[in-house]
Amino acid sequence: MVLFWVFVIVGVVYLVRWLMRQGIADRPESSLDILKKRYARGEISKQEFEEMRQDLQV
């Protein structure tokens, strides 16, 4: 009987952790995150990055 409850509790913990990860993965990227990735890939210069970042913060 105790083993049954241990499995139930462990199952609930894994279910909650899985649901939390699903919520995080489905969150859309922010504009700043996209801008940072473009800068990291070299698609835009530092000056362009700074100008766009300032535009986003206004």
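Colleague: How much accessible surface does the protein chain have, and what share of it belongs to carbon and sulfur atoms?

Modeller: The accessible surface comes to about 5300 Å², and carbon and sulfur atoms account for 64% of it. Areas here come from the Shrake-Rupley method with a 1.4 Å probe, and for residues only the protein chains shown count as cover. Please keep in mind that this is a predicted model, where local features need pLDDT of at least 70 and side-chain atom pairs count only at pLDDT 80 or more, while totals for chains, interfaces and linings use all residues. Residues are numbered from 1 along each chain as its sequence is written, and side-chain values use heavy atoms, with hydrogens and water left out.

Colleague: Thanks! How many helices and strands does the protein chain have?

Modeller: There are 3 helices and 0 strands, which reads as α-α-α along the sequence.

Colleague: How does the radius of gyration of the protein chain stand against that of a compact globule of 58 residues?

Modeller: The protein chain has 21 Å, whereas a compact globule of 58 residues would have a value near 10 Å. The radius is taken over C-alpha atoms, and the globule rule is 2.2 Å times the number of residues to the power 0.38. Along the principal axes, the C-alpha atoms fill a box of roughly 65 × 25 × 10 Å.

Colleague: What share of the 58 residues is made up of buried residues?

Modeller: Buried residues make up 5% of the protein chain. A residue is buried under 20% relative accessible area, exposed over 50% and partly exposed in between (1.4 Å probe, protein chains only).

Colleague: What makes Tyr 39 and Phe 49 a pair, and how are they arranged?

Modeller: Their rings lie 4.9 Å centre to centre with 25 degrees between the planes, and the pair is stacked. Tyr 39 belongs to helix H2 (residues 31-41) and Phe 49 to helix H3 (residues 46-57), so the pair ties together parts that are 10 residues apart in sequence.

Colleague: How do you know whether Phe 49 is buried or exposed?

Modeller: Its relative accessibility is 10%, and Phe 49 therefore counts as buried. Tyr 39 has a value of 33%, which places Tyr 39 among the partly exposed residues.

Colleague: How many salt bridges does the count come to?

Modeller: The count is 3 salt bridges, each a side-chain nitrogen of Lys or Arg within 4 Å of a carboxyl oxygen of Asp or Glu. In one of them, Arg 53 and Glu 50 bring their closest N and O atoms to 2.4 Å. Both lie in helix H3, 3 residues apart, about one turn of the helix.

Colleague: What links Arg 38, Arg 41 and Glu 43?

Modeller: A network of salt bridges links the three residues. Glu 43 lies in the loop between H2 and H3. The closest N and O atoms are 3.2 Å apart for Glu 43 with Arg 38 and 2.9 Å apart for Glu 43 with Arg 41.

Terms used. Rings of Phe, Tyr and Trp (its six-membered ring) pair if their centres lie within 6.5 Å; planes under 30 degrees apart count as stacked, over 60 as edge-to-face and the rest as tilted. Helices (H or I, at least four residues) and strands (E, at least two) are DSSP runs, numbered from the N terminus.
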